[in-house]
Amino acid sequence: MQETTANKVAAHATSSFTEHLQRDRPELLPQYTPFTAGTSAGQPLAVPHATTIVAMTYAGGIVMAGDRRATMGNIIASRHIEKVFPADQYSVLGIAGTAGIAIDLTRLFQVELEHYEKIEGTLLSLDGKANRLGAMIRGNLPMALQGLAVVPLFAGFDTAAGVGRLFSYDVTGGRYEEQEHHAVGSGSMFARGALKKLWRPNLPEDEAISVAVESLYDAADDDSATGGPDPVRQLWPVVYAVNRAGARRVSERELAAMAGNIIESRAAARREA
Amino acid sequence: MTQQFYVSPEQLMKDRADFARKGIARGRSVIVVSCEDGIALVAENPSPSLHKIGEIYDKIAFAAVGKYNEFESLRQAGVRYADVRGYSYDRDDVTARGLASVYAQSLGAVFTAEQKPFEVELAVAEVGASQDLDHLYRLTFDGSIADEHNFIVMGGQADKVSGAIEGGWQRDLSFAAAIRLAVRGLVTDNEAPDLPAKALEVAVLDRGSESNRGTRRAFRRLSDQDVVELLAEES
């Protein structure tokens, strides 16, 4: 078929930043060539791993929180790492797994959403954003099979439906909508246990933030790869709250007070757990 | 056998320039004003969805007059350029100067090489930390680039509107005052004495977006409601 100008223009029209890079600047996309056979498979690379992320719904939106630790085998690679990021005005993204790949992926996802918004003049729907993220995770599957997996947790405020929603993913890009609350990463089992006891429907925002901090405290208690609140270095989890007004990072001052209360009440109880 | 007539290069360029100028003057004006609160962009545009003003990057906005399909393709190319640059280096490395020079080169190439020149005129505005650090660039159909100060008026009867803005411009204008000044300017080019908010497209580049709104994206489009309120503030 003859390639007409109109066809060419239509074929070139894209609102996706990733698609644009694939076509014009493929060298800028994160690319990790899987190791060839011969290198010691089974022995995971010594790279920083990000750990626990929790998210939950509350009356009017969602809260997502992540601890501040990255580990490399038995070593603490970072005490300051941030693993929860605003994806755009109405959604946030938390990452567990290989930190380097996850941070690259987050950066690309943020630009992807902003690019769409600027080109189209409107925001992607929350489902659209969740699907896009799934496709990006699927792209990392070859690396995941080599032990460098990235598992995100995505949450946002659905402006059309007027509710906060949570999405979890597996390494093949499978997207699952979660109800009430969810956690990912090495300490997620313990965090989920805590969430099951602490979470109630229609929590007010401040209580939801406190529940998030407390569930990370419990995760840190039992999982060596999760960092708890650190009053010595004044390090608190990174917490975002998203509601109709948009995403907001909870201030250090609020978090210090909440973490202080939790530590105090646990100390006062004088119990093993 | 048909004979190709000789046309001198001067004549050819003049014809092309006249053609482009005619197309640009047919539309309505767009005004970009630098003021104390940031940069205000005001256009007369009855369509709520086909924009003449757009966001390019954190501190950079775009305004255009002329043919919609032509400036829209330039706007999208600008967004792509800025996003690729910000992604491959850092967000701070995207500047209006870099973008304006890319626009100048593409407009220049189209003017000389294509069947017809683009019938557009563009403004690229970048808001700085202080008013002295604001940048306003005007780009014309032939790829000329001009570094303007204080304000830019493009399209329609630009000279007349420009005169009105020049008379009222001051360094310490607020957004509200700058937008009212721009609307007064637009009215001088109009038979009707007044412009309803519905016929206006207004956006701002907020100098203090980090402190006021907690975002590094300075661009904000004002709704009809906001514009009505701003225009009603008139003292």
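Modeller: Before we start, two strands pair if DSSP finds at least two bridges between them, while strands (E, at least two residues) and helices (H or I, at least four) are DSSP runs numbered from the N terminus. The model is predicted, so local features need pLDDT of at least 70 and side-chain atom pairs pLDDT 80 or more, whereas totals for chains, interfaces and linings use all residues. Residues are numbered from 1 along each chain as its sequence is written, and chains are lettered from A and ligands numbered from 1 in the order in which they are written.

Biologist: Thanks! In the open sheet of five strands in chain A, what is the strand order?

Modeller: Happy to say. The pairing in this open sheet is antiparallel. Its five strands run in the order S11-S2-S3-S12-S13.

Biologist: Which strands of chain A stand at the edges?

Modeller: An edge strand here has a single partner strand, so one side of it is left without a neighbour in the sheet. That describes S11 (181-184) and S13 (246-249) of chain A.

Biologist: And which residue in S13(A) is the bridge partner of A:Tyr240?

Modeller: Strand S12 (residues 238-243) of chain A pairs with S13(A) in the antiparallel sense over four bridges. In S13(A), the partner of A:Tyr240 is A:Arg249.

Biologist: Nice. Which helix of chain A gives the most to the side that touches chain B?

Modeller: Nine residues of chain A are in contact (C-beta atoms, placed from the backbone, within 7 Å) with nine of chain B. Helix H2 (17-24) and helix H3 (99-120) of chain A each supply at least two residues of that side. The one giving the most, with four residues, is H3(A).

Conventions
Contact = placed C-beta atoms within 7 Å.
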